[in-house]
Amino acid sequence: MPSEPTARLCVYCGSNTGKNEAYVAAARALGQQMAQAGVGLVYGGGGLGLMGEIAKTVLAHNGHVTGIIPEFLSKKERM
C-alpha cells in the first residue's frame, strides 16, 4: 500500500470520457504525474470516465486515491 501523501488534489471531471481521446490521454498524464510527485487524489469515487482514468492511473503508479461517493450512488455507479 502506498504511503500517506503529504498533499492531495481534489479532481472533479466527467464520468464519461467524451469523444476526444486527448482528454483521456490528459487524464492519464495527470494521474501519472500526481503519483510520481507523491500527490494523493481525492475524487468522486466512480470507476468510469475521466475520473476513473485518473484514479486507475494514480493507483497503477503506486499513488494514493481517496474516493468519496454518496451511498445512493454507490449502488448505481461502478466504483
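A salt bridge, as I use the term here, is a side-chain nitrogen of Lys or Arg within 4 Å of a carboxyl oxygen of Asp or Glu. With that in hand, I opened this predicted model and went looking.

**Entry: the salt bridge**

I found one salt bridge in the structure. It joins the side chains of Glu53 and Arg28, at 2.8 Å from N to O. Glu53 sits in helix 2 and Arg28 in helix 1, so the pair ties together parts that are 25 residues apart in sequence. Glu53 has a relative accessible area of 16%, so I noted Glu53 as buried. Arg28, at 39% relative accessibility, went down as partly exposed.

**Entry: helix 1, length and ends**

Next I followed Arg28 back to its helix. Helix 1 runs over residues 21-37, 17 residues in total. I looked up its reach from the first C-alpha to the last: 24 Å, close to the 24 Å expected at 1.5 Å a residue. At the N-terminal end I found a cap from Asn20, with a side-chain oxygen 2.9 Å from the backbone nitrogen of Ala22. After the helix comes Gly38, and I noted its positive phi, near 75 degrees.

Which residues of helix 1 are buried? I listed Val24, Ala27, Gly31, Met34 and Ala35. They cover an arc of only 95 degrees around the axis, which puts them on the same side of helix 1. I traced what these buried residues pack against: strand 1 (7-10), strand 2 (39-43) and helix 2 (49-60). On the other side of helix 1, I marked Glu21, Gln33, Gln36 and Ala37 as exposed.

Note on methods
Residues are numbered from 1 along each chain as its sequence is written. This is a predicted model: local features need pLDDT of at least 70, side-chain atom pairs count only at pLDDT 80 or more; totals for chains, interfaces and linings use all residues. Side-chain values use heavy atoms; hydrogens and water are left out. Helices (H or I, at least four residues) and strands (E, at least two) are DSSP runs, numbered from the N terminus. The expected span of a helix is 1.5 Å times one less than its number of residues. Buried means under 20% relative accessible area, exposed over 50%, partly exposed in between (1.4 Å probe, protein chains only). The arc is that of the directions from the helix axis to the C-beta atoms. Contact means heavy atoms within 4.5 Å. A polar contact is a pair of N or O atoms within 3.5 Å; within protein, one must be able to donate a hydrogen and the other to accept it, and residues adjacent in sequence count only if both atoms are side-chain atoms.
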